[in-house]
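Hello,

I am handing over the structure below. My notes on it follow.

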Amino acid sequence: MRLCRYDDDKLGLIRGDQLFDATAALTHLPSLSWPVPPGDHLIANLDVMRPALEAAADDSHPVPVDSVALLSPVANPNKIIGAPVNYHKHHEEAVADSEINLGRDIKTIDTYGLFMKANSSLVGPSQGVDLHFTDRRNDHEVELAMIIGQGGSDISRKDAMAHVAAYAIGLDMTVRGTEDRSLRKGIDTYSVLGPWLVTADEIADPDKLDLEILVNDEVRQKSNTEFLIFDCAKLIEYTSSFMTLYPGDIIMTGTPEGVGPVVPGDTMHAAIEGIGTMSVPVRAHEA
Ligand code: MN
């Protein structure tokens, strides 16, 4: 199932290049009262909601996907987790590029562990990236994003992939500088998730997916998740040994080589095999 959030918080199922309005199914979501449980309420109930979503979509008249404004398919993650330097060739380019390393000795994920991206940084493709600090270099990072379904802590490698509800394309936008990653990657609009989520049953092997990003017409990054240093299962095992995962948590798995700058006016076109493509405009932030 391919599920999107669009326009004014409507829910849609994607079938081919058509979008079917499934918003009516939201009446089937269990009601909540304060304090709401951690995590995204829709993702937590995705399995039980699925028949209602399909039925609502069956009753709707489709529109072309490109006629709507796509939002992040996860509305309320409990957290967004980043994987620093999780591809060897990205490590090599970071070591070689003084505009990335700023004189620092760059290691890999084995040394750094993880970082957090602020939930307030999350947007969908239609909202675009609002570049802050345009006097500094701002880079794209295309990444496979895992969306946690069933939460848990101390999840074993063997059980890890059963905790993934879905996948999406993630952009881990980054302003270069000396501050901690969590600040430089936690700026408003610097986490893009889209174009929709694809449920895990449709992705046979998340550790073997082509991914790429173009800026305007230029191919910048083109690789495959088979080159991840910590693969998808290891990322879940490792993350959950530190912190409890909740439904809707987003793990951005890391970026391959080819990161590079974007400037206002650019459009990024990201694609991951088995998920789809999304175009994301870049503009300058106005305070
Ligand atoms: Mn990244």
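Helices (H or I, at least four residues) and strands (E, at least two) are DSSP runs, numbered from the N terminus. This is a predicted model, in which local features need pLDDT of at least 70 and side-chain atom pairs count only at pLDDT 80 or more, while totals for chains, interfaces and linings use all residues. Residues are numbered from 1 along each chain as its sequence is written, and side-chain values use heavy atoms, with hydrogens and water left out.

Aromatic rings

Rings of Phe, Tyr and Trp (its six-membered ring) pair if their centres lie within 6.5 Å; planes under 30 degrees apart count as stacked, over 60 as edge-to-face and the rest as tilted. This rule gives two aromatic pairs. Phe-230 and Tyr-238 are edge-to-face, because their ring centres are 5.4 Å apart and their planes stand at 75°. Tyr-238 and Phe-242 are also edge-to-face, with centres 5.1 Å apart and planes at 65°. Tyr-238 and Phe-242 lie four residues apart in helix 8 (residues 232-242), so about one helical turn separates them.

Buried means under 20% relative accessible area, exposed over 50%, and partly exposed in between (1.4 Å probe, protein chains only). Phe-230 is buried at 6%, Tyr-238 is partly exposed at 21%, and Phe-242 is exposed at 56%.

Charges over rings

A charge sits over a ring if NZ of Lys or CZ of Arg is within 6 Å of the ring centre and within 35 degrees of the ring normal. Lys-234 has its charged end over the ring of Phe-230, 4.6 Å from the centre. The charged end of Arg-181 is over the ring of Tyr-112, 4.4 Å from its centre.

Regards
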